[in-house]
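The sequence and structure are shown first.

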Amino acid sequence: MKVIVDAMGGDLAPREAVLGAVRAAREHNIEITLVGRGEDILDCLNDLGINTLPQGIEIAYASEVIEMDDDPATAIRTKKDSSMTVALNLLKEGKGDALVSAGSTG
């Protein structure tokens with residue numbers, strides 16, 4: 001199974017999403033694509049003492065983030081390189097079996 005994770009969604013993003021992805025990949029042997037600002041994701045991995053991408057984890061870069069106060073419909077239309085939009089497109093293209101985001105429920 002391959003899970004796409006909006007790493008920039010949620011209050012403690014991307015740290016908690018990255019931490020959860022690393023644990024899930026190790027403990028459940030699933031593949032995970034972390035979507036978001038690559039530098040921020042790599043910084044989180046480094047903070048966890050991980051210097052190379054763990055087996056089963058890859059990064060899909062997205063330069064924008066849909067913020068909690070953004071209008072959801074407008075944000076999806078205008079932020080074409082947001083982590084959520086990129087993640088949804090990856091799922092649509094069949095590059096994952098599920099998508100998880102702790103971001104705005106709008």
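Five of the six residues of strand E2 are buried, so E2 is largely enclosed by the rest of the structure. The model is a predicted one, and the account below applies to that model.

**Strand pairing around E1 and E2**

E2 spans residues 31-36 and runs parallel to E1, to which it is joined by five bridges. Within this pairing, Lys2 faces Glu31 of E2, and Ile4 has Thr33 of E2 as its bridge partner. Thr33 also stands opposite Glu58 in E3. The pairing of E2 with E3 (residues 57-61) is likewise parallel and comprises five bridges.

Strand E1, residues 2-6, is also mostly covered, with five of its five residues buried. In a regular strand, side chains alternate between the two faces of the sheet. In E1 both faces are covered: Lys2, Ile4 and Asp6 are buried on one side, and Val3 and Val5 are buried on the other.

| Strand pair | Sense | Bridges |
|---|---|---|
| E1 and E2 | parallel | five |
| E2 and E3 | parallel | five |

Ile57 belongs to strand E3. With a relative accessible area of 7%, Ile57 is buried, because a residue counts as buried under 20%. Ile57 and Val3 are separated by 54 residues in sequence, while their C-alpha atoms are 9.7 Å apart in space.

**Helical connections**

Which units do the helices form with the strands? E1, helix H1 (residues 15-28) and E2 make up a right-handed β-α-β unit. A right-handed β-α-β unit is also made by E2, H2 and E3.

Helix H2 covers residues 38-47, and its buried residues include Gly38, Ile41, Cys44 and Leu45. These four lie on the same side of H2, because they cover an arc of only 125 degrees around the axis. On the other side of H2, Glu39 and Asp47 are exposed.

**Backbone features in the loops**

Most residues other than glycine have a negative phi, and most peptide bonds are trans. The peptide bond between Ala13 and Pro14 is cis, with omega at about -5 degrees. Pro14 is located in the loop between E1 and H1.

Is Asn29 buried or exposed? At 70% relative accessibility Asn29 counts as exposed, because the cut-off for that class is over 50%.

Another loop residue is Lys80, located between H3 and H4. Lys80 is exposed, its relative accessible area being 55%. Between Lys80 and Gly94 there are 14 residues of sequence separation and a distance in space of 19 Å, C-alpha to C-alpha.

**The largest pocket**

The largest pocket of the model has a volume of about 160 Å³. Its lining consists of 14 residues, of which Ile66, Ile76, Met84, Gly103 and Ser104 are the closest to the centre of the pocket. At least two lining residues come from helix H3 (72-78), and at least two come from helix H4 (83-92).

What is the division of the lining into nonpolar, polar and charged residues? Six residues of the lining are nonpolar, six are polar and two are charged.

Note on methods. Residues numbered from 1 in each chain as written. Predicted model: local features only at pLDDT ≥ 70, side-chain atom pairs only at ≥ 80, totals over all residues. Heavy atoms only, no water. 1 Å grid on protein atoms, 1.4 Å probe; cavity = no way out; pocket = protein on both sides within 12 Å on 5 of 7 lines; lining within 4 Å. Points joined across faces, edges and corners; volume = space filled by probe spheres on them. Nonpolar A, V, L, I, M, F, W, Y, C, P; charged D, E, K, R; others polar. Buried < 20%, exposed > 50% of the residue type's maximum accessible area, 1.4 Å probe, protein only. Pairing = 2+ DSSP bridges. Right-handed = clockwise from strand over helix to strand, strands pointing away. Arc of directions from axis to C-beta.
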